[in-house]
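Hi everyone, thanks for making time this morning. Let me put the sequence and the structure up, and then we'll walk through some charges and surfaces together.

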Amino acid sequence: MASLAQQFTGLRCPPLSSSGLSMKPKQTQRVGAFASPIVSSVAISNAQTKGRLELKKMFEEAYERCRTAPMEGVSFTLEDFQNALEKYDFDSELGTKVKGTVFSTDANGALVDITAKSSAYLPVQEACIHKIKHVEEAGIVPGLREEFVIIGEIEADDSLVLSLRSIQFELAWERCRQLQAEDVVVKGKVVGANKGGVVALVEGLRGFVPFSQISSKTTAEELLDKEIPLKFVEVDEEQSRLVLSNRKAMADSQAQLGIGSVVLGNVQSLKPYGAFIDIGGINGLLHVSQISHDRVSDIATVLQPGDTLKVMILSHDRERGRVSLSTKKLEPTPGDMIRNPTLVFEKAEEMAQTFRQRIAQAEAMARADMLRFQPESGLTLSSDGILGPLTSDLPAEDRIVVITDDCKSNTQKKKNKIFLYMQKEKLSETSSCDLHIADNCSN
């Protein structure tokens, strides 16, 4: 209608005439006005039809060329495409390490893009050296780029099976070899046991600890799920053999224990005769007589399993792996361990220092007395300050030195002072000093 309105714009009708001939020009003029848009519309329709026909013809020719000669005029052939795949394809042999990007995870594993013909699969049991329920527990999430090793192939879709666990095992064995070379002490969690010993988890590997290499006389059940100090004895990746020793680790730890030193410990268990205290992986005995100067009738009224306390090393038998402890020596006043244990722990270092000074003074007195004896007494002073018999088959640490006044003959009957001097390592559990004086003596 708009086009019709434009056609009639500006037209003026002449005045009506009574003559019949005067109507002819008006009829001619109206016919001319309607003829112009009709002709234009037909011309446009013909042009569109012609364009469609040409396009159809072009597609028909292209289809015919693809059907009869698909590679005509194409410089990149199928052979070139196959060569390109071989050039950029990676080695898919078992054991080959490949880089890949995780793009999907589920409850069973993860899909990994390794730029192969199809995606690779990482099962959840191959995602970590430790046992996990979901790959995300090992930090495997979409977007993670990591190095994997090919361990298999799924024949159904020719996809590859990957593993992170194998790589982590290699690193764990390498780490154990390094720790063995450095001769360091590590912590291992006991996860199993058999007739010969216990199985401990170290750096993600399962190692064997023979009972002969466990320092304390504890059962496998008591050690289960506990962490114990260990040292490496044998690391053989080819034979999957990892042997560990708790005894060697404890020997290193015990070498750092000095008589009179104060250490922090945890109460492990209570017995009628005392409490067993864990001091850095070593079990020491706090005898009931060494808890306080006041009599302790019931240990449970003073200590409970799980309590943390400060104790003083009273004696240390390295061969037997026994350590005797004391809180009695740390009491500022007798009975404080029962009435006010907090005060005892606050003053522990100060009281221990006083104890060590008493030991040093006693040693000085003993050495001064040693020098007053004559060679005919049958005693001699060694290079390390130990006074003992001129000939002794006993090692220095097991030697008990007896110092006596001049007794010229067996028939002489008189009271003599006998000094028993013992090394610090052999200090008895009930002594307050390593110098003992006994008024005893008859030959």
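This is a predicted model: local features need pLDDT of at least 70, side-chain atom pairs count only at pLDDT 80 or more; totals for chains, interfaces and linings use all residues.

Residues are numbered from 1 along each chain as its sequence is written, and side-chain values use heavy atoms, with hydrogens and water left out.

Within it, the side chains of Glu237 and Arg177 meet at 2.9 Å, N to O. Glu237 sits in the loop between strand E9 (227–236) and strand E10 (241–245) and Arg177 in helix H4, so the pair ties together parts that are 60 residues apart in sequence. Helices here are DSSP runs of H or I with at least four residues, strands are runs of E with at least two, and both are numbered from the N terminus. Glu237 is partly exposed at 31% relative accessibility, and Arg177 is partly exposed at 30%. For the cut-offs, buried means under 20% relative accessible area, exposed over 50%, and partly exposed in between, with a 1.4 Å probe and protein chains only.

Which residue pairs with Glu170 in a salt bridge? That would be Lys97, with the closest N and O atoms 3.4 Å apart. This pair links distant parts of the chain, with Glu170 in helix H4 (residues 165–182) and Lys97 in strand E1 (residues 97–105), 73 residues apart.

Now for a local case: Arg67 and Glu64 form a salt bridge at 2.5 Å, N to O. They are three residues apart in helix H2, so about one helical turn separates them. Is Arg67 buried or exposed? It is exposed, with a relative accessible area of 51%, while Glu64 is partly exposed at 34%.

Zooming out, the structure holds 10 salt bridges. The chain has nine helices and 20 strands, and 32% of its 443 residues count as buried. Among contacts (heavy atoms within 4.5 Å) between residues at least 6 apart in sequence, 55% join residues at least 24 apart.

That's my tour, so over to you for questions!

Notes: A salt bridge is a side-chain nitrogen of Lys or Arg within 4 Å of a carboxyl oxygen of Asp or Glu.
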